[in-house]
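The report that follows reads one model residue by residue and then widens to the chain. Please keep the sequence and the coordinates open alongside the text.

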Amino acid sequence: SAVSHPALCLCGAACSSPAVFPLANTIDQTRHEKEKHFLAADGKEESFPNLMDPPSLELSVVVPSYNEELRLPVMMDEAMEYLEKRQKENPSFTYEVIVVDDGSKDKTTEVAMKYTKKYGAQKVRVLTLVKNRGKGGAVRMGTLSCRGRLILMADADGATKFADIENVEEGLESIDEKPDNMAISCGSRAHLEKVSVAQRSLFRTFLMYGFHFLVWFFCVRGIKDTQCGFKLFTREAALKTFSSLHVERWAFDVELLFIAQCFEIPVVEVAVNWTEIEGSKLVPFWSWLQMGRDLVLIRLRYLTGAWRLESERKTQ
């Protein structure tokens, strides 16, 4: 059975108040029967493994995708070209890419399956969710289905150059002390902030700095860019953090890093190249407003004990 630990406040105090906030908009922990399987290149169903199993590959790449039939091929072509070249140069390097179709209304699954047919299901698997869960829910479901010793979260829009995985790998290696082999390396666009401010409207700049302040004040200290969708986890760190995750939409990155800091998992931030890609699912004002609300609720729910951190949780 799961062992429950009181959530840690930023001040370090243990919170044990009764739950008073409803757990709305949180990740559905159950897994639909259809989500337990993937299709091999020949069309046969095979079962996904479990994150609790020992790793059998070097790297897993999780690509959350919602209505990405147009942008996904560009990202996948770049990623597969890099991964295949790296494997050719170093045959001991093994990998898989898991494309998570987050209940798309377009042909995202069909587009992703073309890569399974081209490269085989040992290298590319498609996890099609029965309903839209949100990016956090999609990343979590994909991560729980991984075989890799390291797990990379990468956006389907290809905004970050895939070769920058080497930067985040170096960041992970630079962490000398990894408790229970847990560590996280976050891609960061913080070095591009001055340029982005110059290109943004005053209103959007205000929203950005307001969000940064809320992240710092309520949840995460010491990380300048919590939202970059290019993060590398050791398998142990992924299991620890994703097993405790509640938020399923845009603010999930913040809760993930909050959980990591509560468990004292070392996190390093590494500069990556980033390009704004057309077709963003974020609606600037309402998305920032929703994320701001979620940040406040994350903090309140942990403070009141409505959410608690668990060292283990059933994930399948």
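Isoleucine 184 touches Leu172, Ile175, Leu232, Phe233, Ala237, Thr241, Ala260, Ile265, Pro266, Val267 and Val268, residues up to four places away in sequence being left out, where a contact means heavy atoms within 4.5 Å. Isoleucine 184 lies in strand S8; helices (H or I, at least four residues) and strands (E, at least two) are DSSP runs, numbered from the N terminus. At 1% relative accessibility, isoleucine 184 counts as buried, a class that means under 20% relative accessible area, with exposed over 50% and partly exposed in between (1.4 Å probe, protein chains only).

Residues are numbered from 1 along each chain as its sequence is written, and side-chain values use heavy atoms, with hydrogens and water left out.

One of the residues touched by isoleucine 184 is Pro266. Proline 266 is placed in the loop between H8 and strand S10 (267-271), and its relative accessible area of 19% makes it buried. Leaving out residues up to four places away in sequence, proline 266 touches Ile175, Glu177, Lys178, Pro179, Met182, Ala183 and Ile184.

Most residues other than glycine have a negative phi, and most peptide bonds are trans. Aspartate 180, however, has a positive phi near 55°, and asparagine 181 has a positive phi of about 60° although it is not a glycine. Aspartate 180 is exposed, with a relative accessible area of 64%, while asparagine 181, at 34%, counts as partly exposed.

How do helices H7 and H8 pack? Two packed helices are described by the angle between their axes and the distance between the axes. Helix H7 (residues 235-242) and helix H8 (residues 252-262) meet at an angle of about 110°, with their axes 9 Å apart; axes here are lines fitted to C-alpha atoms, for helices over the stretch in contact, and angles run from 0 to 180 degrees between N-to-C directions. H7 and H8 are therefore roughly perpendicular, since angles of 65 to 115 degrees fall in that class, those under 35 count as roughly parallel, those over 145 as roughly antiparallel and the rest as oblique. In H7, Lys240, Thr241 and Phe242 meet Leu256, Ile259 and Ala260 in H8. The residues of this contact divide into four nonpolar, one polar and one charged, where Ala, Val, Leu, Ile, Met, Phe, Trp, Tyr, Cys and Pro count as nonpolar, Asp, Glu, Lys and Arg as charged, and the others, Gly among them, as polar.

Lysine 135 is found in helix H3 (residues 135-143). Among the residues that lysine 135 touches, beyond those up to four places away in sequence, are Asp102, Asp155, Glu248 and Trp250. Glutamate 110 is found in helix H2 (residues 108-119), and its C-alpha atom is separated by 9.3 Å from that of valine 126, 16 residues away along the chain.

| Residue | Relative accessibility | Class |
|---|---|---|
| Lysine 135 | 16% | buried |
| Glutamate 110 | 46% | partly exposed |
| Cysteine 146 | 1% | buried |
| Cysteine 186 | 0% | buried |

The structure holds zero disulfides, a disulfide being a pair of cysteine sulfur atoms within 2.5 Å.

Across the chain there are nine helices and eleven strands, and buried residues make up 52% of the 316 residues. Among contacts between residues at least 6 apart in sequence, 82% join residues at least 24 apart.

The chain averages a pLDDT of 81, and 73% of the residues score at least 70; pLDDT is the predictor's confidence in each residue, from 0 to 100. Over residues 194-200 the pLDDT is below 50, and this stretch has five contacts in the model beyond near neighbours in sequence. Residues 312-316 also have a pLDDT below 50, with 18 such contacts. Where pLDDT is low, the predicted coordinates should not be read in detail.

Definitions and conventions. Predicted model: local features only at pLDDT ≥ 70, side-chain atom pairs only at ≥ 80, totals over all residues.
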